[in-house]
Structure formats: structure tokens, C-alpha cells
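Dear colleague,

I am handing over the structure below, together with notes on what was found in it. Please read the notes with the model open beside them.

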Number of protein chains: 2
Amino acid sequence: MTKHDPGRSGRHFLQIPGPTNVPDRILRAIDRPTIDHRSSEFAQLATECLEGLKTVFRCTGPVIIYPASGTGAWEAALVNVLSPDDRILMFETGHFATLWRKMAERFSLEVDFVPGDWRHGIDPAVVESRLSEDKEHAIKAVACVHNETSTGVTSRIAEVRSAMNATNHPALLLVDTVSSLGSIDYRQDEWGVDVAVAGSQKGLMLPPGLSFNAISAKALDASRAAKLPKLYWSWGEMLSSNRSGFFPYTPSTNLLYGLREAIEMLVHEEGLENAFRRHARHGEAARQAVRTWGLELVCLDPREYSNSLTAVLLPDRHSEVQLRQVILEHFDLSLGSGLGKLADKVFRIGHLGSFNDLMLCGTLSGVEMGLEKAGIPFRKGGVAAAMDYLNCTPRA
Amino acid sequence: MTKHDPGRSGRHFLQIPGPTNVPDRILRAIDRPTIDHRSSEFAQLATECLEGLKTVFRCTGPVIIYPASGTGAWEAALVNVLSPDDRILMFETGHFATLWRKMAERFSLEVDFVPGDWRHGIDPAVVESRLSEDKEHAIKAVACVHNETSTGVTSRIAEVRSAMNATNHPALLLVDTVSSLGSIDYRQDEWGVDVAVAGSQKGLMLPPGLSFNAISAKALDASRAAKLPKLYWSWGEMLSSNRSGFFPYTPSTNLLYGLREAIEMLVHEEGLENAFRRHARHGEAARQAVRTWGLELVCLDPREYSNSLTAVLLPDRHSEVQLRQVILEHFDLSLGSGLGKLADKVFRIGHLGSFNDLMLCGTLSGVEMGLEKAGIPFRKGGVAAAMDYLNCTPRA
């Protein structure tokens, strides 16, 4: 909290689409002395985290934990399975997909970038046609962003997998689950994903600082032949150390305390299915508010609505930067900005992670009052519509 | 947080009229090792707290800090200035006034208890007539509850003082400021209050466990002749130890860490006047919601509306116990119950302490959705009315 800010009392509403609100229980778990990362106590902690993450990714293969942010796990996904000049099929679903593409190019990969309008997810038919055309199997990987944090659009990964299967193409399936894992249904094994990428600061309710790769047997095989140089991101050394509960370099011990607590809360207490239903209910309530305001969702296909965030287009000539500034100043509410080509046109309401009905009502109230204060044309009643939806829709 | 409660995510809304939400900064201040309470470091801490409290009570006389809850400071106010069989004038403004009266009787005081309907504050004209009739000055003290936490009614202490002055009666003025201090304007010296009673867990944003007496010179004089037995509550020993920054018995060291931080936040950062305006704005917004719902405020006189809580009457044959149960279960929101003769008829919305616009909107959303879920006849639109009021009313 800034000092000498006379208008500031009570809790800040952190409703960017991640980092998300860290529950007190997780903060308290982190707030313990750092232990020796070569001790048996550490090995126990790491093993619990590594096993617990499999239940979150719904996989039987190994999960890697990097002391790094999500961008690191993106890089790890590429450098562990690919070699220079390998072809990779990517999709312009939004800002983060575009950034991942830039990273691939930095590593001398040949990117087939399927253009998109930033308002739709990946079209499984395009996946099927692109792979069918690739008779020589030059494409080594298909890289998808599951939930585009810049647009609030969720691609249907199960259908992408079916499209790949229909072609019998051997490409690996890499999926960025940064803003979906723990909030939106994700099934690594069932969907045949080879490498998943995720971070600690979204559905897992942790501070930023950890990121993950969940790895299939096929990806592991591919990693043995992959020639892109790596050391920090190398799965081989990591998995070898992890077998005894250790890391090849210094791990983020205190964030692992938090991760253990987060897994306990998400998997064993709330349960993943309940968490997905909670986010689906809040996502729809937020969309009801947006519709009532007469504003436009960025996402155009109802099958692709994101349940972890809602991205909202402002009418022409109105600035989301100014709107968010007014809302922050008057209501101590942080919302997500427009990214890339949506800058100053779109604001984003995060409703992922540790969140409940009244936090959503408070958030939507801040948006509704802010729209009026900022002089943006809209219709009142969004909060009331969200309340009506919440009240007639059971939690689980 | 209860474990294995699959419906529970995000923050609990603690909107009983105290204990209030403790800011993280205060929790962190408390979360430090306990120090030697005979050390110079402790003396510095205690002196800062004792001096800082004078700015909160707006007094120049001493303030006493008890390791006790508010009921203890009530008892201290009586036993330090009165003797067995002394007469004391008290007013039936609600549940807490009634409890204080019972305490006075336990100490063999003769209570003149002015009856009331629990929907009005103290009538200054009654104070004047009662004291005028007391030609022999048998009444030694007039005891008032500033803000009745059971009813949401704030008595006008400045006018009570004027009424006393008009009679030239020498009775002491004792005031319970438990749910007003730091939230509603209170001026110990200007209003000529002799003993104020307060606690840590309301406007001061601390956990429960500390309570206070602020003492005038006249009260201090009276204490020298007072014959009710006391040791723990004795001002004499306390003031004598406090002069060097110590206590006659073990103080609540860690709560004093929190108190120092609370004074910094309330007095030096937000400023008392701003805090009062903040609470006034939230009080009126809450009342706008209640009026829109078509429900009745307990408080009947607009001059006596409480800015720290709003007590709401339910229509006949509807149960506040059931309503609060529904709201707690569905929306993780705790509201205050009906107390004493208002039990099961009245619920109370606390909006005191560390609080802001979106916390209020979330709280009112929980009430509005709960009213519908509980099948209580009401009109929707209360949250919208509160938002309209908040948005057209500047913060300070």
C-alpha cells in the first residue's frame, strides 16, 4: 500500500487475468524459513509437489518445475523437443500466441503461422488441412495456446487433437495452459498433449516465479534427439535429479511450500471439477454483465468463451487506458489492459484463481461505476444481471 | 478456513459490525517476535501508542490501554469513578446500553434507566430534565453509548453535553465509543467527556484483545475518592507505570505493534476526518440500498443514522437467523445478528473499519441475492441504488 494515500482503505481488488489473488493460507505456507535444498525434508516437499502436479495436469508422465516465469516454460517446451530449422505449426489467436511465435523464430525454427483475427480460437479444420498437406511430416510440432489471456478465447484442444489424429501426422502437440490450468478443464493424457506449459501465478493461486512443463512419453523420446542447445531448461538433468526429490540447481523452496498448499486446496479440498464449475459460473455471470452494458465481447464464438477472463471491446474512440485509470483511482480495482493490437481498445476482467461470488460482484460494480465515471456510453444494470444469473445458477 | 469445503474460494466477507477486517499491514506488524515488556524498546512502543491514542480520542488527558476486551473497559469506567450506591443515569438505547446497565447493578450502583424503544438515541431534553430534577446532585455519572451497535443508532453526545451544561449538574459524562471511535466523529475534550470506553476490534482495525479508557482531569479527581474495589482496572497504578512506558502487569505486546501501525494508518495516512467522511458515504450508500429494497431501518431519526453499521428490520414472520444462514452458506458473507429483543427480527451490516466502495458493493450484493434466496419480500435494485449514490458522491 502506498503511504499517505488518504482515499485508500480496505482491500485492493486485483482482477487482472493473473497474477491472481494469493490466498492467505498460501501466503502463510510460503512464510516459513527456507530449508536446505539437499535435505530429506526438501526431497519430501519436492516429491509431493511433483506428484501433486500430475493430478492438476491430469497426466501420468513427469512434470517439470522451473524456478522461472511462464515464458521460461515456453522456451523449455521448444528447446527440449526441437532442432534448428524444424517446422512448427502455430496459430495467431492473440498476443501470447504471437509472442510464442517470436520466440520460436529466435531459435531458428520455421514457423507456419496460421493468421487469425484475435477473436477466435484455433480452427481444428485448419489443423487437419495443414497437417494433411504436410506429406513429408516436415512439421515437428503443433503449438497451441489453450486460453488466450489477451482475448478471453479458449481453443478446443480436444478437437485439435482429433484433427491431428485424423491425419495420422506424428507432430508433437505443445499446449500453453498458463491461464487455463486449474481454472478451465484441461486433460493432458486424455487429449494426448505432449508438452504442456504453465505458470504458478494464475489458477494455481501462487505468486509468480514457478513454471511447469508436463511431458508425454512421446515428448520425452523426442527430447533425446532434439538439438537446440539448453542447460537450464534441460529435461534430462531435471528428471534425473527429480527422481530422488532434488533439483540440478537451486529451486524456489518457499514457492514450493506454497505450491504444496495450493495443490491441497485445489485438488483435495475444492476438487478440480468444482473449481472448473466455479469458473464457468463466474465467466457466464461476467458475460451477462457485459451484454447488459451493451458492450461487445472480444470472443465471437460461444464455444470458445473463456471462463478465466473476459475481454471487453470499448466503443470506437474510447480509451481503455483511461477507463482503467479512472477505475483504479476511484475504486482501487486493477483490470487487465489491451495487449498488442488490442491496446487501448480492450480491457480484461480476470476472474480466475481464488475468487467467489461477492468478489465478482464487487469487481463488476467497479467496472459499472467506472464506465459511467469515464463517460463511456453503456447501459446500467450489468451488476444486477450478473446477480440474477448467479442467484439462479447453483454453484456445483 | 474450514478444510474440505468445496464451495469455498476467495475471501470471506466479514461484515459483522466488529470485529472488523484487519488490514494485512496490521497483521504483519503483529507478526513479529514478542519483546521484553520491561525493555526500553517496549517503553518506546507503549509511549507511541499512548500518545497516538490521544489523537484518536481527541483528548489531552491520559488514555489507558487494557489487555482486555471492551467489556473490561466498561467495567473500568465504572469502578474507577464510582462508589457503592452511587446513582448513575443510563439510557435504554439498545442491547449494549442494557448490558452496561446490568454491569452497573452488579456493582451495587443505583441506576436511573431511562426507557427507550431501541430505535432512537439519547434525547438531550431528557438528560436536561433528569439532571434538573436532581437538586441534591445524587447522580454521579451520566453513561451514554455513543453508537449503539445493536441498532445502528448514534446518540448526539455534543448535545447531551450541552444539556448537562445547561443544568450546571456536576455528574461525570461516561461514553461508550466502542463502535464509533475511528469511524464516527468523536471529540473527547471538545464535548467534555470524562471517561470514554473503546476497544481495538472496530474502527481501529485490530483483532479483539485491547480496550481503552480516555480520562478527563475531572474523572481523575473523582477516581481518588471512588470506593468500588479494583486492582486490574485501577487507573492509579496504570498511569503511574505508564509514565515510564510500562504496565503494572503483562501487556498485550503484539497487539501494541498492531495498534502503532493502526494509528499510523488512521491518523497519519488517511486522517481521521477522511475516515469519518468515508464511513458517512458508505453509511448513506447502505441506507439507499435498504430503502430501495423496501426494508425498514431500525433507526428512525435521520440525525441519528449510524455510519459504522446499518441495522435492518425484516418484514413480520421472516427470520434474520435464517437469512444470515442462507447468506453465509451461499455467499461466504458474515452479517450481524439481531440482539436482545431484536433477535431474529433484525440483521446488521457492518461497514466500519478498513473498508472501501467495492467491498461495500460486494457486501450489498450478498444481501440482495440472499434476500431473494431466503424468500423475503423485497424489491431488487438496492445495489444499483448504492452504486448510483457512490458514483455521484465524491470520496472526500
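The charged end of A:Arg32 sits over the ring of A:Tyr257, 4.3 Å from its centre, where sitting over a ring requires NZ of Lys or CZ of Arg within 6 Å of the ring centre and within 35 degrees of the ring normal. In chain B, B:Arg32 lies over the face of B:Tyr257, likewise at 4.3 Å from the ring centre.

Before going further, please note that this is a predicted model, in which local features need pLDDT of at least 70 and side-chain atom pairs count only at pLDDT 80 or more, while totals for chains, interfaces and linings use all residues. Residues are numbered from 1 along each chain as its sequence is written, chains are lettered from A and ligands numbered from 1 in the order in which they are written, and side-chain values use heavy atoms, with hydrogens and water left out.

Over all chains the structure holds 16 aromatic pairs, a pair being two rings of Phe, Tyr or Trp (for Trp the six-membered ring) whose centres lie within 6.5 Å, with planes under 30 degrees apart called stacked, over 60 edge-to-face and the rest tilted. One of them is the stacked pair of B:Trp74 and B:Trp100, at 5.7 Å centre to centre and 5° between the planes. B:Trp74 belongs to helix α3 (residues 70-81) of chain B and B:Trp100 to helix α4 (residues 95-106) of chain B, so the pair ties together parts that are 26 residues apart in sequence; helices (H or I, at least four residues) and strands (E, at least two) are DSSP runs, numbered from the N terminus. B:Trp74 is buried at 5% relative accessibility, and B:Trp100 is buried at 1%, where buried means under 20% relative accessible area, exposed over 50% and partly exposed in between (1.4 Å probe, protein chains only). B:Tyr186 and B:Trp191 form an edge-to-face pair, with 5.6 Å between centres and 85° between planes; B:Tyr186 is buried at 1% and B:Trp191 at 12%. In chain A, one aromatic cluster is formed by A:Phe57, A:Tyr186, A:Trp191 and A:Phe212.

Turning to the strands, chain A has an open sheet of 7 strands in the order β2-β10-β9-β8-β5-β3-β4, with mixed pairing, two strands being paired if DSSP finds at least two bridges between them. At its edges stand β2 (63-67) and β4 (110-114) of chain A, each with a single partner strand, so one side of each is left without a neighbour in the sheet. Within chain A, strand β3 (residues 87-91) and strand β5 (residues 139-145) run parallel and are joined by 4 bridges, and A:Leu89 stands opposite A:Val142 in β5(A).

Also in chain A, strand β12 (residues 309-313) pairs with β14(A) in the antiparallel sense over 5 bridges, and A:Val312 stands opposite A:Phe347. In strand β14 (residues 346-350) of chain A, 5 of the 5 residues are buried, so the strand is largely enclosed by the rest of the structure. A:Val346, A:Arg348 and A:Gly350 point one way from β14(A), whereas A:Phe347 and A:Ile349 point the other way.

Lastly, B:Gly116 is placed in the loop between β4 (110-114) and α5 (124-133) of chain B and is partly exposed, with a relative accessible area of 29%. Its C-alpha atom is separated by 7.8 Å from that of B:Gly94, 22 residues apart along the chain.

With best regards
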